[in-house]
Amino acid sequence: MVISNKPLKFILAAIVACSPVMSFANSENDSTHVQTEAAHEEKVISDTAVVEGEHAALDPKAKVDAFIDHHLQDSHDFVFFSDEKENKHYGFSLPVILIDGGLKIFSSSKLHHGEEVAEVDGNFYKLVHGKIYKTDAAGTIKFNEHGHPENEKPLDFSITKNVVSMLFVSIILLLMFTGLARSYKKGPIPTGFGRVLEPLIIFIRDEIAVPNIGEKKYRKYMGYLLTVFFFVWLLNLLGMTPLGINVTGNIAITVCLAAFTFIITQFSANKDYWGHIFWMPGVPVPMKIILAPIEVLGTLTKPFALLIRLYANITAGHVVIMSLIAMIFVGKNLAADLPISMGLTLFISVIEVLVAFLQAFIFTMLSSLFIGMAVQDHDHAHHHEDETAII
């Protein structure tokens with residue numbers, strides 16, 4: 001079996017596409033977060049408040065809620081842990097890249113987790129709820145009646161924590177695939193870690209690509225399927241580490257991955273696929289007119305189902321695990337709460353390891369299924385019934 005470096009092209013495309021979208025998507029999430037807490041404006045707990053060490057003024061449950069919100073969102077710096085008492089943060093800063101009347105590049109350390117105002121070329125910027133806004137030297141931020149900042153927000157193309165995580169996974173995949181490709185030059189049997197990768201690649205080929213796309217056409221899409229499987233799987237596993245990374249739980253990432261599947265499906269589709277959508281054969285003309293818009297809507301629901309399935313499952317797993325760990329700090333009886341919390345956390349973590357693989361498998365399986373439906377000739381009598389059942 002010959003392994004090419006095709007997956008690497010899709011990795012870089014994913015990172016480039018996801019980076020600018022993350023700023024917008026996280027902004028929408030942040031708006032919802034702020035709106036929910038607007039009724040309690042005197043006790044607003046922002047992401048920056050968590051990092052700034054304002055935990056001391058909060059009750060344990062509020063600390064837990066704030067920490068979970070902070071963990072689920074992206075950030076402009078990589079903080080491994082913080083010391084509440086001394087208000088110190090241990091980690092490293094990331095580059096901030098803004099477009100605001102020109103290119104502005106500076107370190108996120110200037111923002112100091114939202115505690116300070118960064119001055120760059122005469123412009124002032126402040127970090128609020130994880131987003132960068134233009135302000136004045138005093139750091140004035142105006143809020144509307146819903147608690148949303150009204151200050152102008154520059155275009156943000158920063159290298160955030162999620163982008164760093166994707167780059168890290170990309171390097172791992174680069175080493176994995178290039179190492180496997182080189183091992184085949186020595187003989188038909190891979191060596192080293194390639195012996196672990198080969199069964200997975202054969203599994204994706206024989207159990208996902210060939211059955212859904214067909215033996216004649218599957219090879220063209222193997223690069224994408226391998227990329228999306230290993231990319232999602234490793235990101236899921238990375239999210240289970242104590243590093244506080246939640247990449248696949250970021251809806252911007254899942255939107256981009258689903259968009260790749262959608263674009264590949266539509267551009268690979270043959271005339272039979274489009275015929276079933278716009279002028280379904282074998283049904284009366286009035287029904288064709290009624291079914292056409294429904295079929296067009298169906299092409300959009302497929303990638304939507306992909307992105308929501310991945311995003312919701314991963315996010316729910318993170319919330320459950322962190323909530324179980326929080327029992328240790330919220331409960332009054334440490335002797336009773338500690339074994340229960342750790343036992344349940346261990347149990348859910350084992351399930352999460354399985355979920356990490358299953359979500360990568362399901363995303364790849366559905367992507368190959370949608371591509372296969374677009375490139376193969378369909379049975380006119382059963383196509384619509386099968387497609388409806390799949391959705």
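How many of the five residues of E7 are buried? Four of them are, and E7 counts as mostly covered. Keep in mind that this is a predicted model.

I'll begin with the sheet that E7 belongs to. Three strands make up this open sheet, in the order E5-E6-E7, and their pairing is antiparallel. At the edges stand E5, residues 118–120, and E7, residues 131–135. Each of these two has a single partner strand, so one side of each lacks a neighbour in the sheet. Going from one strand to the next, the twist averages 35°.

Now the E6 and E7 pair. E6 covers residues 123–128, and five bridges join E6 to E7 in an antiparallel run. Across the pair, Lys126 stands opposite Tyr133, and Leu127 stands opposite Ile132.

Next, the nonpolar cores. The largest has 51 residues, and Leu173, Phe230 and Leu257 have the most contacts inside it. Six helices each supply at least two residues of this core: H4 (161–183), H5 (194–213), H6 (222–239), H7 (251–268), H9 (285–330) and H10 (334–375). Of these, H6 gives the most, with 13 residues.

There is also a second, separate core of nine residues. Val96, Leu98, Tyr125 and Leu127 are among them.

How values were computed: Residues numbered from 1 in each chain as written. Predicted model: local features only at pLDDT ≥ 70, side-chain atom pairs only at ≥ 80, totals over all residues. Heavy atoms only, no water. Pairing = 2+ DSSP bridges. Helix = DSSP H or I, 4+ residues; strand = E, 2+ residues; numbered from the N terminus. Axes fitted to C-alpha atoms, helices over the stretch in contact; angles between N-to-C directions. Buried < 20%, exposed > 50% of the residue type's maximum accessible area, 1.4 Å probe, protein only. Core = buried A, V, L, I, M, F, W, Y, C linked by side-chain atoms within 4.5 Å.
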